[in-house]
Amino acid sequence: MYKNLLNKAREAREKSFCSYSGFAVGAALLCSDGEIFTGCNIENISYSLTNCAERTAIFKAVSEGKKDFTAIAVVGSVKSCDCFESQCFPCGACLQVMSEFCGSDFEVILAEHGEAKVYKFNELMPRIFDSKF
C-alpha cells in the first residue's frame, strides 16, 4: 500500500546533503489530495542549523499552500547504501512540526529491510506542546 511512498522517500534520500554524518534520510509526504512532497536531510557544519528530511518535505508542502496531510514515509541509511535500511524514527523537532499540521491518525511509515512499518502519529508522540497549556 505504501510502496510508492517509500520509493519516493528513497529517491529523495539520494539528494541528501550529509557530508558530516554520512547518514542520508529521505521523506515523502502524502497530502489528502494525493499530491506527494519529498524532502531530504540537509546538514550544516553548525549541526543546529541542519534540517531533517521530514521537516523539509512539510515546509515545501506548506510553502505551496498544502496543510492537510495523511501520511509520511521516512527512510534512512548510510549515504547511497540500502544495505542497512532500518527504521529511522522522526526526531522530536520533526514530531513537533508534524503536530502542527497532522492529526493523531496521521500515519508515519518507516522502512525496515524493505518492509513498511506503519505507526499512528499519537503512538510516536502521545503528548504535544500546544497552545492549550
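Predicted model: local features only at pLDDT ≥ 70, side-chain atom pairs only at ≥ 80, totals over all residues.
Residues are numbered from 1 along each chain as its sequence is written, and side-chain values use heavy atoms, leaving out hydrogens and water.

View 1. In H2 (residues 53–63), a helix being a DSSP run of H or I of at least four residues and a strand one of E of at least two, numbered from the N terminus, the buried residues (under 20% relative accessible area, 1.4 Å probe, protein chains only) are Ala53, Glu54, Arg55, Thr56, Ala57, Ile58 and Ala61. They pack against strands S1 (23–31), S2 (36–40) and S3 (69–78) and against helix H3 (92–101). Gly65, with a positive phi near 90°, follows H2.

**View 2. The crossing of H2 and H3.** The axes, lines fitted to C-alpha atoms over the stretch in contact, with angles from 0 to 180 degrees between N-to-C directions, come within 9 Å and cross at roughly 25°. H2 and H3 are therefore roughly parallel (angles under 35 degrees). Contact (heavy atoms within 4.5 Å) is made by Glu54, Arg55, Ile58, Phe59 and Val62 of H2 with Ala93, Cys94, Val97, Met98 and Phe101 of H3.

View 3. With a disulfide taken as a pair of cysteine sulfur atoms within 2.5 Å, the count is zero. Cys88 lies in no disulfide, the nearest cysteine sulfur, that of Cys52, being 8.6 Å away, and Cys88 counts as buried at 12% relative accessibility.

Note on methods
Buried < 20%, exposed > 50% of the residue type's maximum accessible area, 1.4 Å probe, protein only. Parallel < 35°, antiparallel > 145°, perpendicular 65-115°, else oblique.
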